[in-house]
Amino acid sequence: EAQVTQNPRYLITVTGKKLTVTCSQNMNHEYMSWYRQDPGLGLRQIYYSMNVEVTDKGDVPEGYKVSRKEKRNFPLILESPSPNQTSLYFCATHTVGTEAFFGQGTRLTVV
Amino acid sequence: SQKIEQNSEALNIQEGKTATLTCNYTNYSPAYLQWYRQDPGRGPVFLLLIRENEKEKRKERLKVTFDTTLKQSLFHITASQPADSATYLCALGTDSWGKLQFGAGTQVVVTP
């Protein structure tokens, strides 16, 4: 079964405490992306990766880091989270020209 | 800059009628366009894909049109049902480098 697995599903943290949200896919897709979704703003791309060791900034990359050391994993790192990074985060994966598969989402609250 | 626009106002529609959603784009030459459904708090789920050389695609009660001259896609839900209530997102992609860009989505509310 095609799966995109994000962890954790829910996270409450404090300002400045580094955190990592993991994403793993079992479809051997080249492309993986991270999005954040805020009310009224839709899905905004944070970073994307075209393959192992190849990543690029999306529309809202400030305050985030990513790495793609293996094809199946694409973690999102917040080195020093701030309250404006409180959001619903989605990881997605696809192959060029085909549908994207999304994870279940991670609801992050930074206090 | 590239822009994808979907109607931000919710579409309220009576059960059995046809819902029509619009996706307009500027400064973009997409190779394909996709439509997704999203329920609150959940990830978007793929519905349909249409390529730049296709005018229309159908899947059950769903129909998508793609007009690259007008830079517009229309998404129709015929014989709508309350279970169709959700937010619908369009996404544009290119074959050359695969980046998918999403619109903000339009909420559809189907009342019995």
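**Exercise 1.** Which cysteine forms a disulfide with A:Cys23?

*Solution.* First, the conventions. This is a predicted model, in which local features need pLDDT of at least 70, side-chain atom pairs count only at pLDDT 80 or more, and totals for chains, interfaces and linings use all residues. Residues are numbered from 1 along each chain as its sequence is written, chains are lettered from A and ligands numbered from 1 in the order in which they are written, and side-chain values use heavy atoms, with hydrogens and water left out.

Step 1: apply the cut-off. A disulfide is a pair of cysteine sulfur atoms within 2.5 Å.

Step 2: check the pair. The sulfur atoms of A:Cys23 and A:Cys91 are 1.8 Å apart, and the two form a disulfide.

Step 3: Strands are DSSP runs (E, at least two residues), numbered from the N terminus. A:Cys23 sits in strand S3 (residues 19-25) of chain A and A:Cys91 in strand S9 (residues 87-94) of chain A, 68 residues apart.

**Exercise 2.** Find the handedness of the A:Cys23 and A:Cys91 link.

*Solution.* The torsion about the S-S bond is about -70°, so this disulfide is left-handed.

**Exercise 3.** Describe the disulfide of B:Cys23.

*Solution.* Step 1: the partner is B:Cys90, with S to S 2.0 Å.

Step 1: B:Cys23 lies in strand S3 (residues 19-26) of chain B and B:Cys90 in strand S9 (residues 86-93) of chain B, so the link ties together parts 67 residues apart in sequence.

Step 2: the angle about the S-S bond is 65°, and the link is right-handed.

**Exercise 4.** Is A:Cys23 buried or exposed?

*Solution.* Buried means under 20% relative accessible area, exposed over 50%, partly exposed in between (1.4 Å probe, protein chains only). A:Cys23 has 2%, so it is buried.

Conventions:
Helices (H or I, at least four residues) and strands (E, at least two) are DSSP runs, numbered from the N terminus.
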